[in-house]
Amino acid sequence: MRGARISRWLIAVPMALLALATIYPLVFTGNAAMKTRRDYILDRFAFADTLRWDNIATAWTTAGTARYFANSVIVVAGAVAMLLLLGSMAGFALSHLRFRGSRALFLGCLAALFVPFQVIMVPLVRTMADTGLVDTYPGLILAYTAQYLPFTIYLMASYYSAIPTEITDAARIDGNTTYGVYRRIMLPMGRPALLSVGVLNALFCWNDVLIALLMMPSAEHRTLMVGVTSLRGQYSADIPTFASGVLIAAVPVLAVYLFFQRRIADAVTAGSTKG
Amino acid sequence: MPLGDFTPLLARPARAGRADGTATASRRRRQTGGLSAERLSPFVLIAPAVLVIVLFRLWPLLLGVNFSFTGDGERNGAAVGLDNYAELFADPLFLGALRNVGWLVLLLPVAVAIPGTLATFIYLRVPGHRFYRSVYFFPAVLSPVIVGSIFNLLLSFDGPVNSLLEVVGLGPVDWLGDSDVALFTVLGVHIWATFGMALVVFLSGFATLDPALLDAARSDGATLPQVIRHVIIPGLSRTIQFVFVTTMIGMLTSMFGLIYVMTSGGPGGSTYLPEYYIWIQQGQMNRPAFASAASTVLFLVMLVVGLAQVSFLRRTGKED
């Protein structure tokens, strides 16, 4: 018993070190953002003596992060709204309505889940260019919607399939059409799943760089992640300003993580343990 | 397969005649009133999603395969047969990218064993397990761009990691500038950034494990390695299989951001992966048809690796 307790502590030490290694890189970056260039060059590790916001301000205004940030917010909001609307409608239809070809559609949706973006990106960009959608907000929003929709439908359908048909039958007897059932039953009851899926999709879209790089070639339409990669070349000699840009991009994610940690983990693991 | 959950639902017979007379009558009146609208409703609900998926995901797949047999530039649109594929397999950069995929496959067990071991400890309630769970998962929500940028600072030649190494008397390592080291550096950072994801998947697998089995093994005096070998691994075979496949897919499809930020494929093309090669051909070289051929090869590689893994893991699972 005593031996077991000691061995548990022996395991806890490397695990604590690993936890430190997980958090420290971000702490280092935040600390670098608070230093003057001179302080950073003299000693990278020492903690900044005061909270200095000049670098953040430079990154936000001079380096143009504000613009990139706004672009990201527009695109993420649009894509998440589209994903939740289309995903919940399709998820409801696939889990509760009987119609010809529903099985085939569900299988097609699953198949799309396994087509990685890299495989379709070349023809996709060409299709987008042909329809004049490249370098526009709707174009990038559509690209994200297409990318994360199969996963969203899958999660919504599996959540909705747990809602018993007695409830939808009762709503129909009360005179609701299928659309009424969707609006009055499925949307309100699906709120927890919509929230989880929405948060996860927001993270995916916010964090993406490859799709944004392909779909938004002009500098004024850069999303925040693409903007951060361009800061690196611009501020290679001014690490504190570069670190500030990285921090600006990371803080919203950090905030979302602290609020929705459990939901994110649950949504990620949904479907992994089902036989 | 997750599909199993849906089969009964989709096949469930419609319930008819459950309501009493008046309700059925009013329902019938309503239905005849808006019969076509109500009959079409499933299609109306699903049509936008189907349209988006077909137009922007499935159609491009077909288009891309077709595209890969045509030419670029002067030969734009002309059928060139297998020329693109021949050129692809003669390009040392692409062959290097495939060799790097080979390295990833070889190191895959490491990338699965790390979160698996940590999840086991967390499941066995190491002191502070709740804290570790949320801390370890955190990098998984960060963008590869953020992770890559941070590690660019940490791993630069005159950077903090090397100055730490100097303190303990180890020579500086050119983490990102040495062509023998850079791929493993980027892979290491990828594992740092994603092990939390596999960890929570493992933990959700543990939640389905029967605790009575563990207690029985413990009271029989089994050591920790024995418990892992004879209780945990067989009990989690499906989860392990899932983590293997998703980790491999992650390595092949979500390292673009890290490579783009940390090495740009260098030094000397040593950190190219197929996805980065496709992007260079499409975005930089403006050779979409050639890039499509590379995409098709990547798709086939993923298919083969995925199927090989599943069948390999099935076989080892049966031997147990």
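How many residue pairs are in polar contact between chain B and chain A? The count is 18 residue pairs, with both residues at pLDDT 80 or more. The legends below take you through this predicted model, one close-up at a time.

**View 1. The interface of chain B and chain A.** Let's begin where the two chains meet. Chain B brings 99 residues to the contact, and chain A brings 102. Together they bury about 9,200 Å², with carbon and sulfur atoms giving 73% of that area. Across this interface there is one salt bridge. On the side of chain B that touches chain A, helix 3 of chain B supplies the largest share, 22 residues. Sorted by class, that side of chain B has 68 nonpolar, 18 polar and 13 charged residues.

**View 2. A salt bridge between the chains, Arg172(A) with Glu38(B).** Here the two side chains meet at 3.3 Å, N to O. The pair crosses from helix 8 of chain A (residues 165-173), which holds Arg172(A), to helix 3 of chain B (residues 35-67), which holds Glu38(B). Is Glu38(B) buried or exposed? Glu38(B) counts as buried because its relative accessibility is 18%, under the 20% cut-off.

**View 3. Asp72(B) and Arg287(B) in a salt bridge.** Zoom in on chain B and you will find these side chains meeting at 3.7 Å, N to O. Asp72(B) is buried, at a relative accessible area of 15%, whereas Arg287(B) is partly exposed, at 24%.

**View 4. Arg287(B) again, now with Glu87(B).** This salt bridge spans 3.0 Å, N to O. Glu87(B) sits in helix 4 of chain B, and the two residues are 200 residues apart. Glu87(B) is partly exposed, with a relative accessible area of 36%. Through shared partners, the salt bridges join Asp72(B), Glu87(B) and Arg287(B) into one network. Stepping back, a search of the whole structure finds three salt bridges over all chains.

**View 5. An annotated stretch of chain B, residues 98-309.** An unreviewed UniProt entry lists these residues as "domain: ABC transmembrane type-1". Over this stretch the chain is 75% helix and 0% strand. The end C-alpha atoms are 17 Å apart.

Notes:
Residues numbered from 1 in each chain as written. Chains lettered and ligands numbered in written order. Predicted model: local features only at pLDDT ≥ 70, side-chain atom pairs only at ≥ 80, totals over all residues. Heavy atoms only, no water. UniProt positions renumbered as here; feature names shortened; annotations may be inferred. Helix = DSSP H or I, 4+ residues; strand = E, 2+ residues; numbered from the N terminus. Salt bridge = Lys/Arg side-chain N within 4 Å of Asp/Glu carboxyl O. Buried < 20%, exposed > 50% of the residue type's maximum accessible area, 1.4 Å probe, protein only. Contact = heavy atoms within 4.5 Å. Buried area = accessible area lost by both parts, 1.4 Å probe. Polar contact = N/O pair within 3.5 Å; in protein donor to acceptor, adjacent residues only side chain to side chain. Nonpolar A, V, L, I, M, F, W, Y, C, P; charged D, E, K, R; others polar.
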